[in-house]
Amino acid sequence: MMGFTTVGVVGAGVMGTGLAQAVAQAGIGVVLVDTGDDVLDRARRRIDEGLRLHRLLARSRGEDGPAPDRAEVQRRIEYTIDLGALARADFVVENITEDVDLKRPVYERMDEVCPPGTVFAANTSVIPITAIGAMTGRPDAVLGMHFMNPVPMRPMVEVIRGHHTSEATVERGRALLDALGKEAVVVADSPGFVTNRVLMLTVNEAAFLVQEGVADAAQVDRLFRECFGHRMGPLETADLIGLDTILASVEGLHTAFADSKYRPCPLLRRMVAAGLLGRKSGRGFHVYDHAK
């Protein structure tokens with residue numbers, strides 16, 4: 001009952017690509033769907049790079065296990081622009097832009113083509129899972145699975161139970177994560193859940209500190225790394241996630257709670273408007289050698 005033959009991954013951005021890699025490395029077939037062949041070609045290259053990096057990191061940690069066979073992993077992944085290919089998926093994880101109007105037609109189409117037993121997981125940052133479940137005719141089979149970047153290397157996933165999510169759906173989600181070698185913490189539904197409700201406020205406030213000239217980005221991040229032992233400071237983390245995603249998440253929290261404490265920092269808005277999105281653009285709060 002808990003086995004997986006094919007997992008659908010909708011959205012071939014950074015998160016979706018990392019998830020497709022992790023699933024294929026676990027020996028499970030993947031259908032990776034996006035809207036354009038150019039996006040899928042980039043995803044194919046990114047997965048190949050991710051597999052090489054995985055081996056290098058394993059060696060640096062002294063792990064002697066066999067390296068992933070890149071060709072075999074790639075053979076497990078079907079790259080397609082056709083959502084209808086999800087008809088054979090046991091489980092689907094959606095990773096598209098944080099916009100309800102974009103997500104709705106995707107879920108409606110998934111609901112049409114996927115068998116009744118297929119579970120839908122939303123890898124979303126802020127949007128409540130209950131609202132996503134309402135876009136389908138199977139709200140009991142919808143849950144949130146908030147993966148962290150880079151997906152293949154993060155051992156923990158925040159799992160969110162919507163108002164109608166059944167216990168069987170939660171267990172199905174746990175089983176997939178177990179197959180990927182990941183653990184789960186299951187939380188109740190709320191905009192931003194636990195991680196992003198706290199993280200986005202932290203990043204937003206750190207941006208205000210930079211805007212006000214209290215400290216520069218390097219100082220903010222150094223204080224968090226060296227005072228609290230964080231592996232990355234809040235603005236380094238924001239650059240990794242993508243400042244456009246950060247801004248959309250803060251705006252979503254501001255709308256959901258109608259609370260001024262979630263007011264987006266004007267500096268953050270200006271940086272996104274200028275295309276300074278973090279690692280993926282080569283520059284955000286910090287400057288990188290090249291776009292990732």
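Mentor: Tyr262 is buried, at 3% relative accessibility (buried is under 20%, exposed over 50%, partly exposed in between; 1.4 Å probe, protein chains only). This is a predicted model, where local features need pLDDT of at least 70, side-chain atom pairs need 80 or more, and totals for chains, interfaces and linings use all residues. Numbering runs from 1 along each chain as its sequence is written, and side-chain values use heavy atoms, without hydrogens or water.

Now the ring pairs. Rings of Phe, Tyr and Trp (its six-membered ring) pair if their centres lie within 6.5 Å; planes under 30 degrees apart are stacked, over 60 edge-to-face, the rest tilted. By this rule there are 4 aromatic pairs. One of them joins Phe224 and Phe228: the centres are 5.4 Å apart and the planes stand at 55 degrees, so this pair is tilted. Both residues belong to helix H8 (217-228), 4 residues apart, about one turn (helices are DSSP runs of H or I, at least four residues, numbered from the N terminus). Phe224 is partly exposed, at 25%. Phe228 is exposed, at 55%.

Back to Tyr262. Its partner is Phe257, in a stacked pair: 5.3 Å between centres, 25 degrees between planes. Phe257 is partly exposed, with 29% relative accessible area, whereas Tyr262 is buried.

The charged end of Arg44 sits over the ring of Tyr79, 4.1 Å from the centre (the rule: NZ of Lys or CZ of Arg within 6 Å of the ring centre and within 35 degrees of the ring normal).

Key. Helix = DSSP H or I, 4+ residues; strand = E, 2+ residues; numbered from the N terminus.
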